[in-house]
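Subject: Structure handover

Hello,

Here is the structure I promised to pass on. Please have a look at it first, then read the notes below.

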Amino acid sequence: MNINELITKLKSGKALTEAEFESLLEAEGDDMLCLTEAARETAERIFSRKIFIRGLIEISNICKNDCLYCGIRRSNRCADRYRLKEDNILECADVGYKLGFRTFVLQGGEDGYYTDETMCRIIRSIKSAYPDCAVTLSLGERSRESYGLMKEAGADRYLLRHESASPEHYGKLHPSSMSYENRIRCLHDLKELGYQTGCGFMVGSPYQTTANIISDLRFIKAFKPHMVGVGPFIPHKDTPMRDFPAGNIDLTLKILAVIRLMLPNVLLPATTALGSLRGGGRERGILAGANVVMPNLSPPDKREKYSLYNNKLATGVEAAEGINALREQFDAIGYKIVCERGDYKDIDVR
């Protein structure tokens, strides 16, 4: 099949063979352009040229886990640890609301300080102060009961990257205390509890093969998440995976395009990692079908401490205060930042 036939098959919802997926992932030149343009046209048909903004509040870089790629892993003694208290988080939300944000993303390591009682109180405080806003959580693996309590408190969305749909590959990225089965259990619990649920993976993570990526894409198609977070792997100097190469930008863009064509109305971020790895990376993500960006609302003195990977951007257009500069960047490529909640809409768009 040529590239146009593959795109048509992908858009129709039909299952692709391994060889067909490989052809899409190996597309270059005009074929890659054709793929990303098809994804961009699909996104524009559904969302016009709107880009939804989310205010990212990184609440803690303390984590009980020891993921081999992550800069805030438990064993990293070089990390300068911090956690935000409830007042700090509400101050960040207040700044964000005044800047026009209508979704707040509370992200952090798996820090035992944030018990169900604490998280529910924080969520209720935000929803009470800003009833027209959505609260997204990205706090890792918790029990079904915990997810249920936070949902009842008013949480709307939950982001939890599955990291790999291959148990063997998942095991190479994580300590033995973590399991692929529990990660997938969490994702299904979240969806069943009514969260707008997000999964995702790193492109070019250590030991990842093309077959692994195809398994990830098949998992995403079957799971039908409301959001998908995909960005290039970037190593961190203080982890066991410090010497692995960063992920490929072009491959990341092709994967974003494939996801947009498979799940037309999915909420698809152009990640900070894209912008951190290469100038203009986030704009290229938008032009490949992404429609969400998450500027940083964390206290300025904490942003560099939430170091998941080397040279993570947290200033300039990556910062919430740089929203006007970000708006100008997207205006230059014909897109418009909108101050809306930007909820997932479960409608037939094929």
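Of the chain's 350 residues, 59% count as buried (under 20% relative accessible area with a 1.4 Å probe, protein chains only; exposed is over 50%, partly exposed in between).

Some ground rules. This is a predicted model, where local features need pLDDT of at least 70, side-chain atom pairs count only at pLDDT 80 or more, and totals for chains, interfaces and linings use all residues. Numbering runs from 1 along each chain as its sequence is written, and side-chain values use heavy atoms, with hydrogens and water left out.

Overall fold: the chain has 13 helices and 9 strands (DSSP runs: H or I of at least four residues, E of at least two, numbered from the N terminus). The C-alpha trace spans about 55 × 45 × 40 Å along its principal axes.

Contacts: 75% of those between residues at least 6 apart in sequence join residues at least 24 apart. A contact means heavy atoms within 4.5 Å.

Charges: there are 48 positive and 47 negative side chains (Lys and Arg against Asp and Glu; His and the chain ends are not counted). The centres of the two sets lie 2 Å apart, with charges placed at NZ of Lys, CZ of Arg, CG of Asp or CD of Glu.

Cysteines: the structure holds 0 disulfides (pairs of cysteine sulfur atoms within 2.5 Å). For Cys186, the nearest cysteine sulfur is that of Cys67, 13 Å away. Cys186 is buried, at 0% relative accessible area. Cys199 is buried too, at 2%. Its closest cysteine sulfur, in Cys186, is 13 Å off, too far for a bond.

Best wishes
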